[in-house]
Amino acid sequence: MIAEALAPYPKDLVIASKGGWNRPGPNQWTHDASPAHLREVVEGSLERLRLDRLDVYQLHIPDPAVPLAASMETLANLQSEGKIRSVGLSNVTVEHIERARKIVPIVSVQNRYSFADREWDNVVDYCEHNGIAFVPWFPLGAGRVAGKMLERIAKARRVKPIQIALAWLLKRSPVMLPIPGTSSIAHLEENIQAASLQLSENEYLELTGITELAS
């Protein structure tokens, strides 16, 4: 279990989780951001992780069958009860964020985003303007054209393509908090090294323009 592998948790470790989906079967996911379900999954996470409070809890995705206000009020109540320290959102628009912030402070937003997939540019800009952490999921996503450009720049720099993709994200905004997946310590170290990789302005702009080339 995760709790057994990490406990006792380091003091500087931030533990985050999310809720708002149900899994009725293999490869099956359904919305459920109802107050009862959110309370149930928060309680379940606390029990499994052996914690009294979760540092960050995100609404996984707005539920079309449940008013956003009802979901956020539930998370706000759990925060006031001391079971959640901070509240975040995932897979949301700027409108969702603004509506949620009228109910409870929002510390993070997690949307799909990469140098080649910038549908949520306006959300990144909003988060930066308001001091909200932006957590891109699928941060290394790239199509054929984008992948070739990434490989070319990486080869010239003698680094891995994933490091270039992460370096672009970190240069994109000071509130950017990438969460690339990893399967080994070596891979993790490569990802961390991207934080010290400074792209030139030409490299950054070339990667930034890839969505126009790929469209």
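## Salt bridges around Glu81

Glu81 pairs with Lys83 in a salt bridge, with 3.7 Å between the closest N and O atoms. The term covers a side-chain nitrogen of Lys or Arg within 4 Å of a carboxyl oxygen of Asp or Glu. Glu81 is partly exposed, at 42% relative accessibility; buried means under 20% relative accessible area, exposed over 50%, and partly exposed in between (1.4 Å probe, protein chains only). Both residues belong to a salt-bridge network that links Arg39, Glu43, Glu81 and Lys83.

This is a predicted model, in which local features need pLDDT of at least 70, side-chain atom pairs count only at pLDDT 80 or more, and totals for chains, interfaces and linings use all residues. Residues are numbered from 1 along each chain as its sequence is written, and side-chain values use heavy atoms, leaving out hydrogens and water.

## Two other pairs

The whole structure holds 12 salt bridges. In one of them, Glu203 meets Arg157 at 2.9 Å, N to O. This pair joins distant parts of the chain, 46 residues apart: Glu203 sits in helix 9 (residues 201–208) and Arg157 in helix 6 (residues 144–157). Helices here are DSSP runs (H or I, at least four residues), numbered from the N terminus. Glu203 is buried at 15%, while Arg157 is partly exposed at 28%.

Glu119 and Arg112 also form a salt bridge, their closest N and O atoms 2.6 Å apart.

## The nonpolar core

Now for the inside: the largest nonpolar core has 53 residues, and Met72, Leu75, Ile106, Val109, Phe134 and Leu207 have the most contacts inside it. Helix 7 (residues 161–172) gives the most to this core, with six residues. Such a core is a set of buried Ala, Val, Leu, Ile, Met, Phe, Trp, Tyr and Cys residues joined through side-chain atoms within 4.5 Å.

Definitions and conventions
Helix = DSSP H or I, 4+ residues; strand = E, 2+ residues; numbered from the N terminus.
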